[in-house]
Amino acid sequence: MNRRQFVKRAVGGSAALLAAQAVASNSSGLRDFDSYVSSKKSGWAVEAPDVLTPLENVTNYNNFYEFGMDKSDPAQYASAMTLDPWSIRVSSDGGKTVDVQFEDLLRAMDLEERIYRLRCVEAWSMVIPWLGFPLADLIRWLDPQENYRFVHFQTRYTRSEMRGTRSFSSVIDWPYQEALRMDEAMNTLSFIAVGLYGKSLPAQNGAPLRLVVPWKYGFKSIKSIASIHFTNRQPETSWQAIAPHEYGFYANVNPEVDHPRWSQRYERRLPSSLFNPNRIPTQMFNGYGEYVADLYKNLNLRRYY
Ligand code: MTE
């Protein structure tokens, strides 16, 4: 299916999503989206002081080190990534390995919109209207057979298309990898995004599908997923492997636990500038404690950062 068409077809009868699309296609600016969002009764709508981060910032200020380390590199270079065809290798400890076509997976899922805050470990944040489906739905559909303890993700790694992976200054042992505990993955907030602002995901945001875990620092939200593995051993994750004293496996947003080189008490809500820094206090679990605090009731969050 033509990728520009897929959202249109996939959302089919969902009135809210069709409304989102209508807004997206005839909108001239952020205001339209604001009225759409506040008219929604859904519990996911943003409330003041959160306003949607303009599409321009969401798609031009990115971290996607496969394409370079500057915030503007992904928008410039990620279009080199071949998105069609896209398959995802699904495997498990002791189980069989299958390749799932992205189109087949998409056809099996019901799409919905989720507006989430995204808090990067670098202390900036955005508010993004994602389009996608709960990770729990995907896991149920993939049907791992056993009760595994972790789910492990890897980003596509095509060296020829990813200039950042060929760079001498690249610190990551590619492919980029991330993982969640299974109860975190099955939590209602864990989401797989296939679009944003009512359209399919731009390459720089992790097309064609990426994880979004809104109560954790942004680096957990792995982009352009090419493999999913169910396992009982806690997997290695990219940033933890690079600097374990700075980046933990859990990476829950926590204003009480500073990064060794900077404070996590505040964040710059984009768009922000020198004269209008838009600095706001960071919330525990990025403000999603009501949904996720229970997952960690027996965990020392200072030790397991
Ligand atoms: N996924 C891959 N494969 N490579 C990356 O460099 N960066 C992470 C995360 N996912 C990254 C990634 C970081 S640090 C953040 S903050 C978010 O993507 C940024 O997502 P955005 O560019 O869509 O805002």
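In which loop is the place of Pro271? Pro271 sits in the loop between S11 and strand S12 (279-281), where helices (H or I, at least four residues) and strands (E, at least two) are DSSP runs numbered from the N terminus. This is a predicted model, in which local features need pLDDT of at least 70, side-chain atom pairs count only at pLDDT 80 or more, and totals for chains, interfaces and linings use all residues. Residues are numbered from 1 along each chain as its sequence is written, and side-chain values use heavy atoms, with hydrogens and water left out.

Pro271 is joined to Leu270 by a cis peptide bond, with omega about 0 degrees. Another cis bond runs from Ala207 to Pro208, with omega near -5 degrees; Pro208 belongs to the loop between strand S8 (199-200) and strand S9 (210-212).

Most peptide bonds are trans, and most residues other than glycine have a negative phi. Asn278, in the loop between S11 and S12, has a positive phi near 55 degrees. Asp143, found between helix H7 (135-142) and S5, also shows a positive phi, about 55 degrees. Asn278 is partly exposed at 30% relative accessibility, and Asp143 is partly exposed at 44% (buried is under 20% relative accessible area, exposed over 50%, partly exposed in between, with a 1.4 Å probe and protein chains only).

Then there is strand S10 (residues 225-231), mostly covered, with 6 of its 7 residues buried. Strands pair if DSSP finds at least two bridges between them. S10 pairs in the parallel sense with strand S1 (residues 87-92) over 4 bridges, with Ile228 as the partner of Val90. Strand S5 (residues 150-155) runs antiparallel to S10, joined by 6 bridges, and Val151 is partnered there by Phe230.
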